[in-house]
Amino acid sequence: MEKARSAHTFWIKQICEETLSSAIARGTGISGRSPQLLEKKMNKGEAVIAFASDGRWAGFAFISVWENGSYVSNSGLIVAPEFRHTGLAKKIKTKIFELSRKLYPDARIFSLTSGLAVMKMNHELGFEPVTFSELTSDETFWESCKSCVNCPILMSKGRKNCLCTAMLYDPKLNKNK
């Protein structure tokens, strides 16, 4: 596992396809990620990518920065089907969290998820469940939710809640971690 870079853009199509098919198979919401966005994240070093020992792509996650670095989101965690249930997701989640802390040490880090496994991983890293009002107010972030199947629920609730659970890591409250 390593910080993604421009040499890894070869894998973007497979990452996008697996993210979409995984969301459809589970019937869960996930905001769409364009290949251009993932390429930008890789080129900026704001992503983590994992490979099997034989060189096959195994997993991915990226970070996004909001409100001039006040907030960072950990997003796009995906593991290829043949590597699921191996502990790889937890390793990627930990690595993307560490990268977020290194690049943006004072930022509040958030994650939206409808999956229990991700909630557990977030909790182990020091994230706490919060209301959506504690997340970024950046309109660009909320625009990205429009590609999620649950967006009508989010909008009907005035962006106050959704089927996703919002979780936040505040470095000011976790000085010892």
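**Exercise 1. Confidence**

Task: State how confident the prediction is for the protein chain, and find which element has the lowest mean pLDDT and which the highest.

Solution: Begin with the whole chain of this predicted model, where the mean pLDDT is 86 and 88% of the residues reach 70 or more. Then turn to the elements, among which helix H5 (residues 139-144) has the lowest mean pLDDT, 71, while strand S2 (residues 47-51) has the highest, 97. Keep in mind while reading that, where pLDDT is low, the predicted coordinates should not be read in detail.

**Exercise 2. The sheet**

Task: Give the order of the strands in the open sheet, and explain why one side of S1 and of S6 is left without a neighbour.

Solution: Write down the order first, which for the seven strands is S1-S2-S3-S4-S5-S7-S6, with mixed pairing. Strands S1 (2-3) and S6 (128-130) stand at the edges and have a single partner strand each, so one side of each lacks a neighbour in the sheet. As a closer look at one pair, S2 and S3 (residues 57-66) are joined by five bridges in the antiparallel sense, and Phe51 stands opposite Trp57 in S3.

**Exercise 3. Helices on the sheet**

Task: Determine which strands helix H2 lies across and at what angle it runs to S3, and then which strands helix H4 touches.

Solution: Start with H2 (residues 35-44), which lies across S2 and S3 and runs at about 85° to S3. Helix H4 (residues 116-125) packs on the sheet by touching S4 (71-79), S5 (108-113), S6 and S7 (165-169), and its direction makes about 20° with that of S7.

**Exercise 4. Positive phi**

Task: Decide whether His85 is buried or exposed, and say where it is found.

Solution: His85 is found in the loop between S4 and helix H3 (88-103), and it has a positive phi of about 65° although it is not a glycine. Its relative accessibility is 85%, and since exposed means over 50%, His85 counts as exposed.

Key:
Residues numbered from 1 in each chain as written. Predicted model: local features only at pLDDT ≥ 70, side-chain atom pairs only at ≥ 80, totals over all residues. Heavy atoms only, no water. pLDDT = per-residue confidence, 0-100. Helix = DSSP H or I, 4+ residues; strand = E, 2+ residues; numbered from the N terminus. Pairing = 2+ DSSP bridges. Contact = heavy atoms within 4.5 Å. Axes fitted to C-alpha atoms, helices over the stretch in contact; angles between N-to-C directions. Buried < 20%, exposed > 50% of the residue type's maximum accessible area, 1.4 Å probe, protein only.
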